[in-house]
Amino acid sequence: MSGPLPLAGLRVLEFSHTIMGPCAGLLLADMGADVVKVEPAPDGDRTRRLPGFAAGFFATFNRNKRSIALDLKHPEGRATLHRLVADADIVLENYGPGTMERLGCGWEDLHRLNPRLIYLALKGYLGGPYGNRPALDEVVQFQTGLAYMTGPPGQPLRAGASVIDILGAVFGVTGVLAALRERERTGEGQRVGSALFESAAFLMGSHIAGGAAMGEPPPPMPARRGAWGIYDVFQASCGTQLFIGVTSDAQWERFCAAFGLEELAGDPRLATNAQRVRERAWLLPALQAAVGALEFGAATQRCAAAEVSWSPVGRPGDLLQDPHLTASGGLLSTAIAALGGGPEVPLPALPLEFGEARSRAPLRRQPPRIGEHTREVLLAAGLPGERIAALQQAGVLADAAAPARLQQA
């Protein structure tokens, strides 16, 4: 995008691992903030080495950042970090309860050094009886009923992405932006808290309200009482599946016309959405017969002609060739850092656009190597080069010019 990004000029120190903290840093970095990821020396963020479904976490959530590596358990490491805090606008962390305090980097420690600092603590729980308990995305999905609502009856199931980690990060950054606005008025920073449990609980609000409105607990989503008559997965003649949603009476009329269903269009039992909901038991098989008589392309053309919502049943890898994402700058060619800097894979950009040009936030930096910017950041903070070299020799910090074992990611 042309011109400076919205958060250009903000200085952020990020202490994080896994998803919630790195995602909050990513949001700020993509929007232009200078985010310095503070990793433990010498081995860096352990997320770099996670296997299995977590192997892509680091690359996904750490673009557009710089990295320094410090041993904060060493007094010289803490002193070096405190030097950076003096000029920071935001510190964010998602370490376990009490960890930052033990490292001498908690809210009270850093606020004394910089009263204008905004401190974002991303935790499992906000203040209360659970406040010191550890938590994970999946744990709170089960705890709050999200897993219960996602799976079939009797088979609770976590969502297919780390939705609570990401939502907690989004809420946290929302709080930070509010605190920045208040700092303009008062000149003072403040602590902002966001958490997994409360984020997941927020998602359950509509189910709680719906249960109260209906006078009965809501069943899991696969067994739910539908709000729309046609809102389901259908199968074309080739076996390919597509989801079709018909959510208004006008859409129903167009859908019937496009698929040649004049008899159903004129059926008084199906005149309104509420009536169609009641008739789903026989209506959906009739619609499946109509859709199933068509090849996938023909079925989707008719859905498009009817101007109803529809989609193929996709997989994550399908997004790499998605024509909308590729045409709109929605994919950023990102190095998979856990594999040593390559290959590069198109990953989704921040889901925001700015200005009349509808510009997307660009990729300015690939995910950093461990301590890649240690020397650069510390020199800019006024630390002499010989002092940086001595701290590196003592193992208090690491940078990308250090021995090969530090080049793991």
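Predicted model: local features only at pLDDT ≥ 70, side-chain atom pairs only at ≥ 80, totals over all residues.
1. α1 is followed by Gly 32, and the phi of Gly 32 is positive, near 115°.

2. Next, the largest pocket, which has a volume of about 700 Å³. Its lining is made up of 25 residues. If you want to find the pocket on screen, Thr 60, Phe 61, Ile 166, Pro 348 and Ala 349 are the lining residues that lie nearest its centre.

3. Which elements supply at least two residues each to the lining of the largest pocket? They are α1 (20-30), α2 (57-61), α8 (163-186) and β11 (344-348). The largest share comes from α8, with five residues.

4. Of the residues lining the largest pocket, 21 are nonpolar, three are polar and one is charged.

5. Helix α8 also packs against helix α6 (residues 137-144), at an angle of about 95° and with the two axes 8 Å apart. An angle from 65 to 115 degrees counts as roughly perpendicular, and α6 and α8 therefore stand roughly perpendicular to each other. On the α6 side, Asp 137, Val 140 and Gln 141 take part, and they meet Val 163, Ile 164 and Asp 165 of α8. By type, the residues of this contact are three nonpolar, one polar and two charged.

6. Finally, please turn to Leu 397, in strand β12 (residues 397-398). Is Leu 397 buried or exposed? Its relative accessibility is 3%, and because buried means under 20%, Leu 397 counts as buried.

7. What surrounds Leu 397, once its neighbours within four places in sequence are left aside? Leu 397 is in contact with Ala 41, Ala 69, Leu 70, Thr 374, Leu 378, Ile 388, Leu 391 and Gln 392. Another residue to look up is Leu 84, which is 313 residues away from Leu 397 along the chain; the C-alpha atoms of these two leucines are separated by 14 Å.

Notes:
Residues numbered from 1 in each chain as written. Heavy atoms only, no water. 1 Å grid on protein atoms, 1.4 Å probe; cavity = no way out; pocket = protein on both sides within 12 Å on 5 of 7 lines; lining within 4 Å. Points joined across faces, edges and corners; volume = space filled by probe spheres on them. Helix = DSSP H or I, 4+ residues; strand = E, 2+ residues; numbered from the N terminus. Nonpolar A, V, L, I, M, F, W, Y, C, P; charged D, E, K, R; others polar. Axes fitted to C-alpha atoms, helices over the stretch in contact; angles between N-to-C directions. Parallel < 35°, antiparallel > 145°, perpendicular 65-115°, else oblique. Contact = heavy atoms within 4.5 Å. Buried < 20%, exposed > 50% of the residue type's maximum accessible area, 1.4 Å probe, protein only.
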